[in-house]
Every structure is written in C-alpha cells, then in structure tokens.
Amino acid sequence: MTAIQKKAHNPIAHLTATDIEELGRELDAIRDRVLASRGEADAAYIRKVISTQRRLELGSRAVLLFSLFPPAWVVGTLGLAVAKILENMEIGHNVLHGQYDFMRDPKIHSTTWEWDHVSPAEQWKHSHNQLHHTYTNVLGKDNDLGYGIMRVDEDQPWHPVHLGQPLWNLINACFFEYGIAAYDLELGRNLRKGRHKAPEFRARARAVGRKIRRQFLKDYVIHPLLSGPSFLSTLAATFTANLIRNLWSHSVIMCGHFPEGVETFEKTSIEGETRGEWYLRQMLGSANISGSRLLHIMTGNLSFQIEHHLFPDLPSCRYQEVAPEVRALFARYGLTYTTGALPKQVASAWWKVIRLSLPNRSTETPAPPPADALPHGPQERQDALATASV
Amino acid sequence: MTTTVPRPSGRRTVRDRLFRLAETVTTPLLPDDYLDLVAPLRSGAALRGRILDVRPETRDAATVTIRPGRGWRGHTPGQYVRLGVDVDGVRQWRAYSLTSAPGRRDGLISVTVKAIPDGRVSNHLVRRVRPGTLVQLDQAQGDFVAPATAPRKVLFLTAGSGITPVMGMLRAGVPAAADVVLVHSAPTPDDVIFAAELRGLADRGAIRLVERHTDTDGVLGVAELADLVPDHLDRQTWACGPVGLLDAVEAHWAAHGAADRLHTERFRPTVISPGTGGDVTFTRAGVTVAADGGTPLLDAGEEAGVLMPSGCRMGICFGCVVPLRQGAVRDLRNGEITTAVPGDGVLIQTCVSAAAGTCDIDL
C-alpha cells in the first residue's frame with residue numbers, strides 16, 4: 001500500500017467534506033445507542049470471562065504439577081496457553097482500554113488492572129491507547145506500522161536492514177511480549193538518541209525489569225519448583241504456553257493493520273482533522289478477521305478491529321453486534337470493508353512483510369498523477385479536506 | 001479508632017511468608033483474587049455480604065437481610081452501613097440505616113430501604129434484587145446512636161424512612177426502662193414502615209406511639225409538639241426525616257435553648273449555594289472536565305469515567321473524601337469555600353463539593 005493521498009485511485013475521492021461529516025454523525029449515533037444500553041449484560045459478560053479465565057489458569061497449573069505424565073503435559077499446556085490468551089486479549093487489552101470502567105468496580109478498571117505480560121499496564125496504555133489509537137496508520141506517527149523494526153508500507157523508506165525483516169518478524173512473533181515491552185519503552189529510539197541515561201527512561205526500564213522478574217519467577221521458577229520431579233517438563237510447558245500465546249497474539253495483531261487493502265495516511269493529512277475524518281481514517285486503516293464466536297473471543301474481539309478502532313472504549317462484547325451496521329455504512333459510502341479468514345489475513349500480512357523487505361519495484365512506485373488528469377484526484381481531495389477543516 | 005491485638009510474631013511471619021510465596025505464583029493477581037471466586041465472605045477478604053432475603057414492608061419499602069462477611073465488626077443501634085450494589089452493571093454506593101438488633105445469634109444484619117422516585121439503588125433493592133446477590137459492605141458508621149446508658153425520657157421524631165435508624169434502636173431494647181415517645185409521620189397508615197411492630201410495642205406499653213398520616217392530617221408542624229408531647233424539650237430527642245422537618249426541629253430546639261438534647265440524622269444535603277464552576281483535573285487519572293458550580297465533583301468525576309470513591313452522597317459518611325491538591329471548591333450545603341495551594345492535600349468530600357474555580361484532585 002501507499003499513503004492514501006498519493007494513490008492514483010484514491011478510495012475516498014468520491015466523498016465530499018459534507019459526506020464525511022455525515023458519516024461521522026452516523027457513527028456517533030451507533031456509539032450513543034450502545035452507550036445508552038451498556039449495563040448489566042456487559043458487566044456479567046466480563047465477570048464471566050474473568051472467572052472462567054482464572055479457573056482455567058488455576059486448573060491448568062494444577063494439572064501441570066504432574067506434567068511428567070504426558071497427557072497432563074498436553075492438557076495443562078494447552079489450558080495455560082488458552083488462559084494466557086484470554087487474559088491478554090479479551091480481558092487485559094479491553095479492560096486496559098477502559099471498556100469496562102463504567103462498572104465502577106475497582107477490581108476491573110483500567111487504572112488498577114495489571115496483566116499477565118512483561119510490559120507494565122501503565123506503559124502499554126500510553127503507547128497503545130494514546131499513541132496508536134490516535135495516530136492509527138499515519139506514516140511517521142504510528143509506530144505500530146512495523147513496530148519501528150520493519151517496513152510495512154511502500155512509503156516507508158527502504159534500508160538494507162529490512163532485508164532481514166521476515167526473520168525479525170518471526171523472532172518478534174515468538175517473543176512478542178518482550179517485543180511489546182521494548183516497543184512501549186521506545187527502546188530503540190531512546191538508545192539511538194542516547195536517552196538511556198535519562199531518569200525518566202531509567203525509571204520506566206526498571207518497572208519493566210521488575211515486571212519481567214515477577215513473570216519469569218512465576219512461570220520459570222516457582223511453578224516448576226512446585227512440580228517437584230516434574231520440574232523440567234513444567235518448565236517446558238510454561239515456555240510452550242507463553243510461546244503459543246505470543247504466536248497467537250502476534251498473528252491476530254498483524255491482521256489488524258498489515259493485510260492488503262488497509263490504507264495508510266500522510267503525516268500532514270491529519271492536521272486539523274475533523275471527527276468525521278478521524279472516523280474515516282479508522283475505517284480504512286483497520287482490517288477484520290471473519291470466523292466463529294470462539295475465534296472472536298480468543299482474539300479479544302480484535303477480529304472486529306474496524307469496530308474496535310471506531311469505538312475503542314465500547315465493551316468488546318458489543319463489536320459483533322454493531323458490525324453489520326458498520327459494514328452497511330461502508331457499503332453506503334462506497335468504502336471497502338477489509339476482512340477475511342484468519343489464515344488468509346495472516347498470509348496477506350506476512351506476504352507484505354516479505355515483499356517490502358526489498359526496495360519498491362519501479363512499477364509499484366506511484367508516480368504523482370498530473371493534477372488535470374484526475375479531476376477527483378488526491379490533490380483536490382486534500383484541498384477539499386484542508387478547506388473543510390479550516 | 002480501632003486497635004487490633006497483635007498476633008504472636010512467629011505465626012505472623014510464617015503466614016506472611018506463605019502469602020508472599022502465593023503472590024509469586026498468582027502475580028500479577030493476588031491470591032485474594034482467586035479465593036474471591038469461591039469464598040467471597042471469608043475473613044481477610046474485602047468486606048462483602050450476601051443478600052439472603054428481601055421482605056416487603058410497605059408498597060415501596062423492603063427489608064433486605066444480609067449475611068455479612070467474616071470481617072464484619074458489628075454495629076451500634078442507630079448506625080448506618082454503606083452498601084455497594086451493582087445496578088445495571090454499575091457499582092453504586094449508598095448508606096442505609098441498620099434496622100437489625102446488633103449481635104443477632106445468626107449473625108445476620110438487615111437494612112430497610114424505601115424506594116424513592118428515580119432512586120436507582122433504592123428501587124433496585126426494593127423491587128429487583130434477588131437473594132444470593134453479593135453486595136459490597138463497609139463497617140457500620142454514624143453517631144446517630146443512643147448513649148450507652150439510656151436516658152430517662154426519650155422522644156423519637158421521625159418521618160417516612162426516618163424510622164429506620166430508630167427501629168434499630170427500638171429493636172436493641174433502648175426503651176428498656178425509659179419513657180419513650182415516638183412521633184412518626186407517613187402519608188397513610190399503609191405507608192408506615194414496621195407498622196405492626198410499632199403498634200405492637202405501643203399496645204404492650206413499651207412506647208407511646210403518635211402516628212401522623214400526612215395525606216389526611218397534613219404535615220406535622222413543630223408548634224403542634226407542644227400539644228402532642230408537652231415535655232418534648234425536656235426529652236433526649238432523636239429526629240430523622242426530610243430536610244424540611246429537620247430544619248424546623250433544629251430551629252425550634254435551638255430557640256428554646258435545648259439544642260444539646262437534640263440529635264438529628266439527615267438523608268439529603270441541603271443545597272443552597274451553587275458557585276461558579278471550573279475545570280477539574282483528576283491528576284492520577286489524567287482526566288480534565290469542565291464542571292459547573294452546582295454539580296458535585298463526585299458526579300462530574302463519575303461522568304468522566306474516573307473511579308471515584310463514594311458513599312452516602314449526602315455529605316455524612318466521608319466515604320468519598322480525596323485530597324484537593326490545588327484550587328477551590330465550594331461546599332454545596334453551606335457555600336463555604338475550601339482552597340488548596342500546590343503542596344497541599346486538603347481533604348474534601350466530593351459528594352457535597354463543587355468546583356469554585358480550577359482544581360486539581362489527587363485521584
């Protein structure tokens with residue numbers, strides 16, 4: 001893909017500024033309706049998921065105390081992997097978004113929650129909720145576009161280091177939670193700019209260190225020790241469960257913004273962005289995963305990435321409900337709702353990582369079109385946006 | 001103030017060590033988070049209770065019987081308890097007078113709730129809540145209580161649900177040797193909460209009961225007390241009811257120099273002084289909202305999604321107290337301004353305080 005503003009066929013060129021504001025109002029109406037009906041069912045849902053997750057985790061860890069026995073190893077490992085996935089995806093991610101803050105339950109609240117992850121909740125909330133969700137898919141602003149280690153857009157400059165990015169991506173997938181912790185710390189940038197001695201950075205790094213130590217102690221020392229003779233097999237089991245969780249969440253998250261069909265935006269395009277334009281960027285900058293209810297729960301409903309990006313603080317269990325309406329809006333406004341089955345979306349995202357490890361081929365490089373040849377071309381669209389937002 | 005007898009130190013360290021070990025296994029959660037799944041009322045848990053029974057008292061009032069958690073420390077007759085109830089999925093805290101006698105053999109407590117129009121929690125408790133529901137509890141509080149040695153002559157002056165703390169005292173046997181008069185107002189005979197029990201006490205001669213049915217006889221005026229209870233100013237008096245009644249009673253007792261014999265409990269704050277409002281920043285939540293001078297900071301914060309501690313919402317229980325780091329707030333009950341400069345941590349009650357300019361709240 002290429003920044004939407006440079007494309008020969010701009011997918012939003014047919015929309016006027018008035019259309020975009022009307023689109024924004026329609027989305028606001030959907031949001032208001034869900035907010036008005038938010039309540040007991042949503043609270044019961046998240047409590048049920050939390051209680052199921054805790055029972056599953058405790059049960060799986062108990063089974064793993066006998067992990068020398070192979071069936072126990074398999075059952076315990078799978079159970080623990082599923083518990084960790086639920087904890088990170090459907091519970092952690094969504095609670096930390098404040099989706100369930102309305103319950104006013106101090107035990108289930110974005111300001112008090114801590115998750116089974118090496119990145120402290122506080123740091124993740126900043127890089128994810130504040131940066132990624134605000135600057136979604138804006139080149140040079142949204143570090144989720146390649147996590148600062150990969151090139152996932154033609155408009156990101158190529159560097160020889162990108163030749164290795166299929167490998168970096170695989171390693172990142174296996175140790176994804178550490179990748180996220182480094183990302184939340186902005187480790188690369190802080191090291192490059194020599195800010196690693198700044199007290200603020202050091203305090204945050206220490207917090208990550210404490211979190212890693214606690215997570216490591218639990219999974220790789222205490223739990224194996226409690227397993228007695230099963231020490232080594234439990235160690236292997238918790239490592240495998242973490243690996244499965246990492247691979248799964250990495251795959252799901254890659255499907256959110258990397259598959260073909262997802263649009264990116266130039267840095268200047270968000271200056272003076274209106275509410276409608278922000279919505280439009282979220283609509284085009286995200287991709288869904290189609291599948292069963294179980295898949296939706298296991299992805300933390302990030303299979304409804306489009307709906308999540310439009311309404312990041314609505315309870316996750318409502319995305320499925322609003323999806324048909326959102327999709328109808330896409331159709332009515334002539335926009336493409338990017339979705340596909342998990343294997344297809346994962347393959348699409350991986351293909352992009354592989355393809356863009358090489359420099360752009362000249363045929364793919366979009367030449368700026370002559371302004372007179374495209375009466376509804378990107379430049380005019382830009383002007384219209386600029387006028388609309390003045 | 002509460003003091004606890006220290007445990008033998010040896011046992012304590014073993015227990016602490018075990019808990020610390022358990023914490024390393026449950027991190028980032030606490031062992032409590034898992035225990036709560038199976039034993040929410042155990043000792044050491046956050047104080048909760050389980051609703052066992054909801055029994056209608058009148059067409060709009062009901063008595064809710066609760067089994068409190070093991071940490072419940074009991075109450076003094078006349079006190080109230082803060083209840084945290086999930087209504088439509090949202091936790092709401094309210095204070096209700098305890099109507100059960102303390103130290104019941106079965107360990108149960110009860111509150112009696114009158115559904116007020118548009119009252120989210122009261123209507124939920126009276127009409128919708130099911131036995132088995134867990135509620136959050138706080139320890140009993142309040143100084144609207146009878147003294148340890150019962151005075152010789154007592155007057156209870158109540159209206160509507162104002163009878164509830166008094167019922168707590170009556171059931172605890174406060175009138176044992178005393179001369180007790182109860183003057184109670186309700187719209188109709190059917191609206192009298194605990195009617196049968198009160199009339200029974202009167203029939204047995206334990207109390208003298210004056211029932212006032214305001215739909216037919218009009219609202220009780222303090223001037224009428226001279227006829228109804230001629231020696232009312234000589235009696236230790238506990239009054240509980242609507243603002244109008246209490247204001248009149250307080251003025252009357254003060255005018256006759258008997259204010260020291262009057263004890264009152266208010267259900268609603270008297271709002272007299274809306275101020276100018278301002279931007280309120282909840283510093284730890286990182287949220288800033290524009291609040292007007294008539295909106296309690298508690299409401300403004302909750303509206304903005306800040307996790308606000310709360311309680312009675314009428315300025316009596318201090319469950320909502322948080323530090324004001326800088327700025328000015330106005331007490332909605334009396335218009336008093338409280339200010340804080342950077343470095344301060346003036347404790348304010350958010351339920352009866354509104355912004356009187358820009359303020360930073362440490363939450």
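Which residues in α4(A) are buried? This is a predicted model, in which local features need pLDDT of at least 70, side-chain atom pairs count only at pLDDT 80 or more, and totals for chains, interfaces and linings use all residues. Residues are numbered from 1 along each chain as its sequence is written, while chains are lettered from A and ligands numbered from 1 in the order in which they are written.

**View 1. Buried residues of α4(A).** Here is the reply to the opening question: A121(A), Q123(A), W124(A) and H132(A) are buried in α4(A). A residue is buried if 20 or more other C-beta atoms lie within 10 Å of its own, exposed if 12 or fewer, and partly exposed in between, with C-beta atoms placed from the backbone. Helices (H or I, at least four residues) and strands (E, at least two) are DSSP runs, numbered from the N terminus. The buried residues of α4(A) pack against α3 (70–96), α6 and α8 of chain A.

**View 2. The crossing of α4(A) and α6(A).** The axes of helix α4 (residues 121–132) and helix α6 (residues 176–184), both of chain A, come within 9 Å and cross at roughly 75 degrees. That angle makes α4(A) roughly perpendicular to α6(A). Axes are lines fitted to C-alpha atoms, for helices over the stretch in contact, and angles run from 0 to 180 degrees between N-to-C directions. Angles under 35 degrees count as roughly parallel, over 145 as roughly antiparallel, 65 to 115 as roughly perpendicular and the rest as oblique. From α4(A), Q123(A), W124(A) and S127(A) meet I180(A), Y183(A) and D184(A) of α6(A); two residues are in contact if their C-beta atoms, placed from the backbone, lie within 7 Å. Three of the residues in this contact are nonpolar, two polar and one charged. Ala, Val, Leu, Ile, Met, Phe, Trp, Tyr, Cys and Pro count as nonpolar, Asp, Glu, Lys and Arg as charged, and the others, Gly among them, as polar.

**View 3. Where chain A touches chain B.** Here 25 residues of chain A are in contact with 15 residues of chain B. On the chain A side, α2 (40–64) and α8 (199–226) each supply at least two residues, and the largest share, seven residues, comes from α2(A). By class, this side of chain A has eight nonpolar, six polar and eleven charged residues.

**View 4. α2(A) against α2(B).** The axes of α2(A) and helix α2 (residues 31–38) of chain B come within 11 Å and cross at roughly 110 degrees, which means that α2(A) is roughly perpendicular to α2(B). S51(A), R54(A), R55(A) and L58(A) make the contact with D33(B), Y34(B) and L37(B).

**View 5. The largest nonpolar core.** A nonpolar core is a set of buried Ala, Val, Leu, Ile, Met, Phe, Trp, Tyr and Cys residues joined through C-beta atoms within 7 Å. Of the 59 residues in the largest one, V81(B), L83(B), V113(B), L125(B), V166(B) and L182(B) touch the most other members. Domain 1 (46–137) and domain 2 (153–266) of chain B both give residues to this core, so it lies between them; the domain bounds come from an automatic or database domain assignment. Not counting residues up to four places away in sequence, L182(B) touches F156(B), V166(B), L198(B), I207(B), L209(B) and V210(B).

**View 6. V346(B) and its neighbours.** V346(B) lies in strand β16 (residues 346–349) of chain B. With 15 C-beta neighbours inside 10 Å, V346(B) counts as partly exposed. Leaving aside neighbours within four places in sequence, V346(B) is in contact with P323(B), L324(B), T338(B) and A340(B).
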